[in-house]
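The entries follow in the order I worked.

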Amino acid sequence: MSNFGKLNSTIIQSLISVTGQDRSITEPETLKVYGKDHTEDFVYLPELVLIPENTEQVSQIAKICFENTIPLTSRGAGTGLSGACLPVHGGVVISFEKMNRIIQIDDINYQAVLEPGVINEQLQLAVQEKGMFYPPDPASKGSCTIGGNVAHSSGGPRCVKYGTTRDYILNLEMVLSDGEVIWTGANVLKNSTGYNLTQLMVGSEGTLGIITKIVVKLLPYPPFRSLMLASFASATEACACVSSIFKAGVQPSAIEFMDRKGVKLSVQHQNISFEQKEENAYLLIEVDAFEETALMPQCEVIYNVLENHQVLEVLMADDSETIEKLWKIRRSIGEVVKRQSIYKEEDTVVTRGNLPELYEYVMQISESYGFEAVCYGHAGDGNLHVNILKNDLSEDIWQNQLPEAITKIFEKCKALGGTISGEHGIGLVQKPYMSIVMKEAHFNIMKGIKQAFDPKGILNPGKIFNN
Ligand code: MLT
Ligand code: ZN
């Protein structure tokens, strides 16, 4: 849909009067900052950025945009990897940078009420101080916002034990496309009251409504952890080891896969001394517990499984400095790899037991198309991030042959019981591949939902599917 109204100076003035001049941006250089995220090298300029301070202001902005059919795109920290917050049709961007308060931490009911601009790690630390735990921990936890996490149902390493953002959202305050404000549910642990709009909003990438408050569920904080770094000559064997660990009866709090290149680039970039011998892949395996004595028995079971999978070496870390160092190596891979070259990242996900086959297929495709792929990710979830580097590939191969290669990888994901995104979302970049995993009837239901929530198609238009 491109029947949008023109954002003329009268409408701009009435929008600016909602937030005030000092909470609005129209200078092209600053607009550029809000026209990018962490997805490839895309830039889509908004015409106006507004920085509201409360729900009432968001509601008024939505009303004006609705009346004038102006595209309205919500933005957290811009750390997304699917281009979901890019204003591809221009219009207004709402930035939640000033709606960043932790409104309440409730240690009776183990929940917190948040504004969407709260940084993930700030929430984690604030609740940890009170003995509580908010598990979802995307690699960008130090900068990504809870609002953005809800928009994508973001994940991270700990999701293998604790689930993704979706599993922690109890209730949402949302502004509808015409400015009406509703709560999607109630602040309770169970709710059988009509359709589950809360869960529908999670992962909807700002296309159905604008989230202005978030009620999250918390857990008791498990204070003890051990980390093992296992190296393998065969990356496929490392992948195969993952399902054997669960089969042995252990539930790690993270099982991350890293290939040799990813680790090499990450340690080089951070100047960490780390010797690589004949290993081609690593598993970073963490266990956590409420009692220190519960750690070692889990590590022993895992160690035996690793030995059965031709592990080369196992480094045990139980001091916080080594644990932090190893996590830093893993968490930095994505960012460091993306500095190497123009890239495309695929967020493939299959059933855990099919991870070895997916990995081998990705390697086979990268060899036959001649591109370099760096793979890492949440092996325990069957979620493999495949970063494809352009390096010196020709524009022709990059533009014309790469989509064919990606299509093949995604078709394989589907055949292996998986899908095309585990945690980064569809946004702009994965939109062309949606028909691999969805039939027309499925699309039509989604389009019907979009139409019901957003009849004028103004909310984050051009994302997930063309509307
Ligand atoms: C990660 O697991 O490192 C993140 O999803 C980010 C990325 O893939 O680059
Ligand atoms: Zn990830």
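I count as donors the N, O and S atoms within 2.8 Å of the metal; water is not among the atoms, so sites may look incomplete. I also note that this is a predicted model.

**Entry: the metal site**

Which residues coordinate the zinc ion (ligand 2)? I found His378 through NE2, His385 through NE2 and Glu423 through OE. The distances run from 1.9 to 2.1 Å. I then checked the spacing of these donor residues in sequence, and it reads H-x6-H-x37-E. His385 and Glu423 link distant parts of the chain, 38 residues apart. I placed His385 in strand E18, residues 383-389. Glu423 sits in the loop between helix H13 (395-415) and helix H14 (434-437).

For Glu423 I read 10% relative accessibility. Buried means under 20%, protein chains only, so Glu423 counts as buried too.

**Entry: the loop residue**

Where does Ala77 lie? I found Ala77 in the loop between strand E3 (72-75) and strand E4 (92-95). Its relative accessible area is 33%, so I note Ala77 as partly exposed. I listed its contacts, leaving out residues up to four places away in sequence. Ala77 touches Ser143, Cys144 and Thr145. The C-alpha atoms of Ala77 and Leu170 are separated by 22 Å, and the two residues are 93 apart along the chain.

**Entry: the whole chain**

I counted elements next. The protein chain has 15 helices and 18 strands. Along the principal axes, the C-alpha atoms fill a box of roughly 70 × 60 × 45 Å.

Of the 467 residues, 57% are buried. Among contacts with a separation of 6 or more, 73% come from residues 24 or more positions apart.

I set the 40 positive charges against the 56 negative ones; their mean positions are 4 Å apart.

Methods
Residues are numbered from 1 along each chain as its sequence is written. Chains are lettered from A and ligands numbered from 1 in the order in which they are written. This is a predicted model: local features need pLDDT of at least 70, side-chain atom pairs count only at pLDDT 80 or more; totals for chains, interfaces and linings use all residues. Side-chain values use heavy atoms; hydrogens and water are left out. Donors are N, O and S atoms within 2.8 Å of the metal (3.2 Å for Na, K and Ca); water is not among the atoms, so sites may look incomplete. Helices (H or I, at least four residues) and strands (E, at least two) are DSSP runs, numbered from the N terminus. Buried means under 20% relative accessible area, exposed over 50%, partly exposed in between (1.4 Å probe, protein chains only). Contact means heavy atoms within 4.5 Å. Lys and Arg count as positive and Asp and Glu as negative; His and the chain ends are not counted. The place of a charge is taken as NZ of Lys, CZ of Arg, CG of Asp or CD of Glu.
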